[in-house]
Amino acid sequence: MRLLVYILSKLVGAFVTMLGVSALVFFSLRFIPGGYADILLGPFVTPATREVIERRYGLDQPLFAQFVRWLVSLLHKDFGTSMVTQQPVIDEFMRRAPVTLELASLAMALALAIGLPLGVAAGAAPRGRRRDGLARVVGALGASVPDFVLGTTLILIFSVWSLWLRVGGYSPFTQDPILNLRTMLLPAITLAVFGGALILRTTRDAVLRVMTEGYITAAVARGGRPTEIVLRHVLRNASIPVVTVVTTYFGFLMGGAVVVEVLFSIPGVGLYVYNGLQNRDYAIVEAGVLLAAFVFVGVNMLADVLYAVIDPRIGAGVSR
Amino acid sequence: MGAALTAHAAEKTLVWGKPGEITSFDVHVAGTVASWEMYEMVYETLLTADENLKVQPGLAVSWEQTSPTSYVFKLRPGAKFSNGRPVMAADVAGSLQRIKNPETASYWSAQLGTIARIETPDDQTVKVELETPHPAFLPALAHISAAILPIQELKAGGFDPAKEMLGSGPFMVKGHKQDESWSLVRNPHYWGQNLPVADELEALIIPDDSARIAALRDGRIDFTTFENPDIAKMLGSATNIAVLPQKTTNYFRIDVNALSPKSAFNDKRVRQAMNLALDRDAINNLVFAGSTSVDYPVPAAFGKSACKSTPTYALSRDQRLEQAKALLKEAGNEHPRATLLATSADPVFAMIAQVAQQSLADAGFEVQIQQPPMAEYLKKVFTDGDFDLAISWLAGYTDPSMVIAWWNPKFALWNQVFQQDFPGLDNVLDQIKTMQDGPDRDAKLDEACKLIDDGANLLALVSKVDYVAYRSDRVKLKLPARSGSSNTFEYVAEFEPLH
């Protein structure tokens, strides 16, 4: 029951967040210089042709009326129509979501595979030891290299020497799993470097904090083996900040790792939203940001529930 | 199963690495090359233009000019839309009327002149009567923006040009994944004998130059285009990749804001000084490694002598700099400050901007470069007129009278927010529009050039070359040596897959 109330309170918060996001994205988008008429007609746009194009897509209506119309459409599960293709944008998001999910999952798996063991090893190591120092350097380096720098470097290297991996040319997993892996590995690595560094640093700090707790000292005093202490006591107690970082990062990735998808021409939701923004195809960007917010909020809610499962005191605290 | 595999193996497929996606399905509306390139695979025009920039048959197999304002076109027997219906005179009439309808918002409408009436005495004949002589009418019909649509289906509601493509060109659309790929198959009703050679044409949208290079190397694409003049160097020593520069009538240009009171270029003397100080040779040598050439308001590709005797082109660099400094001194502004917009959409713009910045500094200009995104740049320059200088390029089309007409802001409309109107120049340009090609028109072109140079409002820089890169072991290409309608792949129907 307490957990249910906790979840309900989170749902209300999520709804308010979504409403705020929808207003923010709608109005901020309209204030960005340039519109679809500029993109469509290029340098040949005239006041008369602009008026025709804006009337055609309802962009001549007052801004608030457009916003209300959009909200009403959303209530009818209509996320709008692309001005470029005249097709419902939700269909395109549905088609692209598995690509982004795959990229996000692969990047997450790589980041966890790197960050988690290194973070635990660094945190559990006595201070000043070489593996702790190495982990700190790796963490700082990974977190400070922007994805566009790393991605561009990888593209430059692998476009000259293929080395089995491919730059761009996405191939669905269901068609050719090996080719899919060859295509997705570089963008996943680009994303995983930052994610791995983030997880490494968070895990290290969390483990360090737990290692100073009295019950760890007691476990050591009882003669417990280091591996057993780490697995039974340290990991569970250090997991909450790690879960926060992992879920937040996964939510970010699911919202569309825009830069990486653009760099590697991965046909996911990030590339779709980016191109929508470039073309001022408002429905795509509005739906994209809203869906990303939805995923982000959903993943964070999942994290909140996980906290309550990991540490029942959290759920109990809310319902009191 | 075995038969299906055999059939699939026998299919000849071309794979095109397309740098950009369309901005609309409507061939009569979109004003972007990325859109035109795709339309040219599917649609046809009444006339075409060859590499000598001469008008050639298209859907019209012949035509006759019966008076300075009257044209009669005979349609090609056997030309059919990909749904199997013959192309008829009503489709041509309806398409031209659609372009001229202000509700279509076609930017190409002005280039067709003023159409008084269109008659279709029979299914194969179209008569067009213009209100005033307009020799550029025929070249304007050769641009893809004047494509012939299946008007019968459009009127019946079975075809929506804003959502789909249905043309009489060599290919028809089988599938489209936005920003990802196009799948085209041969139009079984195409009139060309044994054409197209390829059964299928896959277009992969790959905006990034490096990604297209990688795709060429590993054979994912057979051919593509680049704007970057360094492409041959970037492709390195790959022996199976060839790069062909294709000349065009297009040229890079600088738009100068003569109308904004905030801009130093509000003063004609400062504009003239800027025009004189620009080192077009340096742009050619430093940005394009000498692979292109200095260009003029009347594009060099037309082989005219117009514009070459104006001070901007006739004087030496030292003489021009001396004059530029004198003009700035006279204007009381020896170190004018300006911002030069070079949209990030094309990396070549930034390269040109850097050389322009350096050459202008020699005369005393202090220029800052900004790289706004495309939509922001378009709004600042063509809608708000909120800029000093902006780099872009201008399509030269297939007749000098078409491109030079843009110097009349009342005709162009798109440059009204920054282009000063000179009634004397407008008058000359109006005369050019009605004149047939010949010595008289050449003299008028030269007269217009002098006035254009004096106004220094929209400046031609260097010719724009398109670079076609292809896998010589995978495809046999046929390319026009020169293109006047941004129709790089005009002979796509004859491209032969070798794999």
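1. Chain B carries 17 helices and 21 strands; helices (H or I, at least four residues) and strands (E, at least two) are DSSP runs, numbered from the N terminus. Please keep in mind that this is a predicted model, in which local features need pLDDT of at least 70, side-chain atom pairs count only at pLDDT 80 or more, and totals for chains, interfaces and linings use all residues. Residues are numbered from 1 along each chain as its sequence is written, while chains are lettered from A and ligands numbered from 1 in the order in which they are written.

2. On overall dimensions, the C-alpha trace of chain B spans about 80 × 55 × 35 Å along its principal axes. Its radius of gyration is 23 Å, which agrees with the value near 23 Å for a compact globule of 499 residues; this radius is taken over C-alpha atoms, and the globule rule is 2.2 Å times the number of residues to the power 0.38.

3. Of the 499 residues in chain B, 51% are buried. A residue is buried if 20 or more other C-beta atoms lie within 10 Å of its own, exposed if 12 or fewer, and partly exposed in between, with C-beta atoms placed from the backbone. Among contacts in chain B between residues at least 6 apart in sequence, 70% join residues at least 24 apart; two residues are in contact if their C-beta atoms, placed from the backbone, lie within 7 Å.

4. Now to the sheets. Eight strands of chain B form an open sheet with mixed pairing, in the order β8-β9-β10-β1-β11-β18-β12-β20. Two strands pair if DSSP finds at least two bridges between them. The edge strands, β8 (171-177) and β20 (482-483) of chain B, each pair on one side only.

5. Within that order, β12 (residues 241-248) and β18 (residues 466-471) of chain B are antiparallel and share six bridges, with B:A469 in β18(B) as the bridge partner of B:V243. By contrast, β12(B) pairs with β20(B) in the parallel sense over two bridges, and B:T248 stands opposite B:S483 in β20(B).

6. Helix α2 (residues 33-42) of chain B lies across β1 (13-18), β8, β9 (181-186) and β10 (200-205) of chain B, and runs at about 135 degrees to β8(B). Axes here are lines fitted to C-alpha atoms, for helices over the stretch in contact, and angles run from 0 to 180 degrees between N-to-C directions.

7. A further open sheet in chain B has five strands in the order β15-β14-β16-β13-β17, again with mixed pairing. β15 (366-370) and β17 (458-463) of chain B are at the edges with a single partner strand each, so one side of each lacks a neighbour in the sheet. From one strand to the next, the twist averages 30 degrees. Inside this sheet, β14 (residues 337-341) and β16 (residues 389-394) of chain B are parallel over two bridges, and B:L341 stands opposite B:A390 in β16(B).

8. Finally, the two chains meet: 37 residues of chain A are in contact with 40 residues of chain B. On the chain A side, α2 (36-41), α3 (47-56), α7 (147-160) and α12 (269-278) are the elements that give two or more residues.
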